[in-house]
Amino acid sequence: MAPSVLEVLKQEFQGEYTREKVFSFVKVQKEKYFDAAKLLRENGFERLLTVSAIDWLDENEFEVYFLVYNPAENVYVKVSTRIPRENPEIQSLSSIWENSAMHEREVWELFGITFEGNTMLKPLFLEGWKGPHPFLKDFDWRKYVKEFPM
Amino acid sequence: MSFYAEFRMLSEKAMTFNFPPEMPLTEVFRGRHVLDMEKCVGCGLCEKICPNLAITMVERGEADEKRSYPQVDYGKCCFCGLCEDICPREALKLSHFPFIVVLGRDALVYPPEKLAEPPKLEHPVPPKIKGITNWAISRSFWVNFFFTGCCFIEAAPWVGSGFDMERFGMLAKGSPRHSDVLLIGGYVTVKTLRRILRIYEQMPCPKYVITLGCCPVNGGTYWDSYNTINNLEKYMPVDIMIAGCPPRPEPIGLAVVLAMNAVQSGYMGKEEKVNKEEGFLEVPSVEESREEGEYSIPFGPQHPASGNFDVYFKLEGEHVKSARPNPGYLHRGFEKLMEYRTWWQNIMLVQRVCVLDGASYELSYIGAVEKLAGVEVSRRVKYLRTIQAELCRIQSHLLNLGLIGGATGFDTMVRIAWGDRERILLLLEKLTGGRIYHIYNIPGGVRRDLPSNFKDDFKKEMKYMLKQLDLYDNLCFNNPVFNGRTKELGVLPGDMAVRLDVTGPNARASGVRFDVRKASPYETYDELEFNVVTSEGSDAYSRVLCRRKEIEESLYIVENALEKIPGGKLFERNAKGGLRLSPFSPLPKGETIHCVESARGELCFHLVSNGKNTPYRAKIRGPTFDSILVAMPKVLEDEHVAEIPVIYWSLDNCPADHDR
Ligand code: SF4
Ligand code: SF4
């Protein structure tokens, strides 16, 4: 049963946990990120919807998260973890969900976060882009388009 | 094709609209502004709300009686109507006049005096025929469509029977070397610009360039994206600009007539000139490693069947060995653009993520915002949203049927399906005021009520559409040639679909019974009866058939919704904790996810608020990212090269969605 998996996540991984109808939000330590993913996959979370990140500039941290879905139980879980903003690195989930490699590639390009074990980390959307990682909070687009009008 | 179908087509009235039109089709369409200078008090609220900085307040009058009035730049305006909504004096209004066609970007700036004049279409007067050559050229343009952005969606009707470009002697051409006119369909990124310049150089002289929409001229809605080309003229000449976001098909027709007249009077196009910024804008050459006997071919981004997206194929003989998608031509960075706009202003941005099915993006965003704000909208609003979403699904599926027709070389289907799509767009326009980008939803409600005669209009169209679906069956689904071109092609097994996160009709056609509308009903789907269409075929045929059946289901959903729709408030201002929703109000701290079933599959918005009036982070999980970038290469493996377009469109891509 899915709720029990969430119980496990909460206890074994000391995850913080909130719930809103079918969506559950779990926060875990970086060390538990991969194991939490594995546990979910083994418990019917067949689909990975996305891997993404949030730049918490003021706290000098990135939040890396993934969203998965269990079709049998109709439960979505978002698992997130915090990592430092300097040399951000985290394990790739591509050995668990095949499609995560492509999502991680996007996060790598837009935020500059490296996913260990992901062999796909090459530019995805941008071609010959030399500027900062575009989704970083300290890259001000409005200033940039004024300075370098294209 | 059965004899019956053929007979019906010959005996019925032509689908093509008359041209030039006196006026667009409905009164509610959002077109050019009209300013009442008497009423305007110069408060500047319109300038403040405009998400695109299209409005600037300018001063008028003598020294001590100076007053300011809005001036609108149509190189930026996206016709969202937020300025109209906020104007306290009803001084600034949107008329339904769509014709803004100019020869230079300066003419797009409308000062208050010009805005005050009632809009009027001046029909171009054809010049005297001077030379037979010029006349002949002007009557036989070969047009290279480069569907760079969303505006292509309004150029597409010109291929369908509604507008029918061929009556002007125009022919759509894939090859630049055989084209006279380059039609740039909207938004341009750096990556796209490289390809545009290459295409432009390959065209023979005289060559003419027409741009659609605000984006190529002035960046449009995406003016503050790091990836936007804000002024195409810096890099190459442009002859005619059609403003709009996207422009309607009618102004495109006007531009065509203007171009024909100019060429007939001897206009030879602007001088050829290309600025590649010292090689920075050269198309990079791709070094693909190849083994003996293999060769690689690119598909897109300007292939007639690709959309603005490309894939490198490695072939062995005539079969696909591997496929490597190369997305990003439409990457605007929507998620970060949203961080610069207020929760309210973002209502005009979100549907642009996928031009093919904007309504679902509105619903997904608005649903998430309303969860964050803690506002409960009336049931009438929910019904209206359901109706909007389903009509939008129908037109999206019809577009796909046309594309499949194109990919299978079955031109009749393109023309009929896209001609029928016009009728659904008309319904959407009557309901929302927009054909493509409805901008119908606001946090707490919708912007207008159901028009009085909408139920009857819908009934008429439903009757017609059901008849047409029969025709589609006769033309396509029971047609052995169409069967031969789509069956057992591009097989996507059900377990693979789940594993690779493919959803929507693509997964349902592989037997995966998942539909967000049933699994976690939103709006009023729990009160409406409908079937989840599935099939076990797993091939291109089943995917297309699945969409055809969903059109039928959607028609019944709308019919049912129109019967059941209760009364109720259109806008609920009061949210949780005494919060009153307004265009500038902040939302409480928190995060939320809201998923809906879009025409292409599951679509979720993840919104994070840190208590400000703009999102801290918005993440859009669109349906095509996995179905195209991850699953498609696998589906295409070992297929014959000639089947690529069919399989590709059977997966129903929207490049704008995965690039965001
Ligand atoms: S319609 Fe929208 S984009 Fe155009 S001027 Fe008004 S607020 Fe700005
Ligand atoms: S048009 Fe309306 S909103 Fe704009 S300045 Fe005048 S009164 Fe204010």
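In chain B of this predicted model, six strands form an open sheet in the order β5-β11-β10-β9-β7-β8, with mixed pairing; two strands pair if DSSP finds at least two bridges between them, and helices (H or I, at least four residues) and strands (E, at least two) are DSSP runs numbered from the N terminus. The edges are held by β5 (101-102) and β8 (171-173) of chain B, each of which has a single partner strand, so one side of each is left without a neighbour in the sheet. Strand β7 (residues 142-146) of chain B runs parallel to strand β9 (residues 181-184) of chain B and is joined to it by four bridges, and Phe146(B) stands opposite Ile184(B) in β9(B).

Helix α7 (residues 190-202) of chain B packs on this sheet, touching β7, β9 and β10 (208-212) of chain B, and its direction makes about 165 degrees with that of β7(B). Contact here means heavy atoms within 4.5 Å, while axes are lines fitted to C-alpha atoms, for helices over the stretch in contact, with angles running from 0 to 180 degrees between N-to-C directions. Helix α9 (residues 249-264) of chain B also packs on the sheet, where it touches β5, β10 and β11 (240-242) of chain B, and its direction makes about 165 degrees with that of β11(B).

Turning to the cysteines, a disulfide (a pair of cysteine sulfur atoms within 2.5 Å) joins Cys595(B) to Cys604(B), with an S to S distance of 2.3 Å, and the count over all chains comes to one. The torsion about the S-S bond of Cys595(B) and Cys604(B) is about 105 degrees, so this disulfide is right-handed. Cys595(B) is buried at a relative accessible area of 6%, and Cys604(B) is buried at 2%, where buried means under 20% relative accessible area, exposed over 50% and partly exposed in between (1.4 Å probe, protein chains only). Cys245(B), by contrast, is in no disulfide, the nearest cysteine sulfur being that of Cys78(B), 5.1 Å away.

For the chain as a whole, 64% of the 660 residues of chain B count as buried, and chain B has 22 helices and 19 strands.

Residues are numbered from 1 along each chain as its sequence is written, and chains are lettered from A and ligands numbered from 1 in the order in which they are written. Local features need pLDDT of at least 70 and side-chain atom pairs count only at pLDDT 80 or more, whereas totals for chains, interfaces and linings use all residues, and side-chain values use heavy atoms, with hydrogens and water left out.
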